[in-house]
Amino acid sequence: MKASPTLTNNLQAVLADLIELHIQGKQAHWNIVGTNFRDLHLQLDEIVDAARQFADDLAERMRALHSLPDGRSSTVAESTSLAPFPEGLINTRDAIERIVAALEAAVGTMRKVHDEVDEEDPTTADLLHEFIAKLEQYAWMVNAETLKASAAVTAPGAD
């Protein structure tokens, strides 16, 4: 199968976001400070590793479809849907908000292109399903760092 220009453009949009997610995750990883530093520092590495692997899987899928992935920094910077990440030190709470927003933006791009991808190539859509599920899980887990319990917890056996 040979990818159409539409499929190529859709996959390129996802690729740019995954590469940017990897870069932003590392920027946060290197520059976070504050409460729960170590936990977030380690969690960011998990996200970075996943984004990097997903980008590689997608780029290789694009090549299998006779499409040319473009991971150049200029292309990524011009085409990503992720908001820019600030320079300098960033406190953990702000980093969490920005990383969750980046994860949600990347997933948003995947969901936006999903139906067109699925129509032309269900196999590639299956990759998007895997990426979406994992990135949404990361967004939930990272965001949980800032949430407060809203229900009272009852000890086992208490009436």
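User: How much of the protein counts as buried?
Analyst: Of its 159 residues, 43% count as buried. Keep in mind that this is a predicted model.

User: Ok. What helices and strands does it have?
Analyst: There are five helices and two strands. Along the sequence they follow the pattern α-β-α-α-β-α-α.

User: And what box do the C-alpha atoms fill?
Analyst: Taken along the principal axes, the box is roughly 60 × 45 × 20 Å.

User: Let's look at α2 and α5. How do their axes cross?
Analyst: Helix α2 covers residues 37-64 and helix α5 covers residues 122-143; their axes cross at roughly 170° and come within 11 Å. Angles over 145 degrees count as roughly antiparallel, and α2 and α5 are therefore roughly antiparallel to each other.

User: Which residues meet there?
Analyst: From α2, the residues are Leu40, Gln43, Glu46, Ile47, Ala50, Phe54, Asp57, Leu58 and Arg61. From α5, they are Thr123, Thr124, Leu127, Phe131, Lys134, Leu135, Tyr138, Met141 and Val142.

User: How many of those in the contact are nonpolar, polar or charged?
Analyst: The contact of α2 with α5 has eleven nonpolar residues, three polar and four charged.

User: How many aromatic pairs does the structure hold?
Analyst: One. Phe54 and Phe131 form that pair, with 4.4 Å centre to centre and 25° between the planes.

User: Why give both a distance and an angle?
Analyst: Because a pair of aromatic rings is described by the distance of the centres and the angle of the planes. Planes under 30 degrees apart count as stacked, and the pair of Phe54 and Phe131 is stacked.

User: Which parts does the pair tie together?
Analyst: Phe54 lies in helix α2 and Phe131 in helix α5, so the pair ties together parts that are 77 residues apart in sequence.

User: Are those two buried or exposed?
Analyst: Both Phe54 and Phe131 are buried.

User: What about Lys134, where does it lie?
Analyst: Lys134 lies over the face of Tyr138, 5.1 Å from the ring centre.

User: New topic: what is phi of Asn36?
Analyst: Phi of Asn36 is near 60°, which is a positive value in a residue other than glycine. Asn36 is found in the loop between β1 (32-33) and α2, and at 41% relative accessibility it counts as partly exposed.

User: And His66, where does that lie?
Analyst: His66 is in the loop between α2 and α3 (73-79). Its phi is positive, about 60°, although His66 is not a glycine. At 53% relative accessibility, His66 counts as exposed.

User: Last one. Of contacts between residues at least 6 apart in sequence, how many join residues at least 24 apart?
Analyst: Among those contacts in the protein, 81% do.

Key. Residues numbered from 1 in each chain as written. Predicted model: local features only at pLDDT ≥ 70, side-chain atom pairs only at ≥ 80, totals over all residues. Heavy atoms only, no water. Axes fitted to C-alpha atoms, helices over the stretch in contact; angles between N-to-C directions. Helix = DSSP H or I, 4+ residues; strand = E, 2+ residues; numbered from the N terminus. Parallel < 35°, antiparallel > 145°, perpendicular 65-115°, else oblique. Contact = heavy atoms within 4.5 Å. Nonpolar A, V, L, I, M, F, W, Y, C, P; charged D, E, K, R; others polar. Phe/Tyr/Trp six-rings, centres within 6.5 Å; stacked < 30°, edge-to-face > 60°. Buried < 20%, exposed > 50% of the residue type's maximum accessible area, 1.4 Å probe, protein only. Lys NZ or Arg CZ within 6 Å of the ring centre and 35° of its normal.
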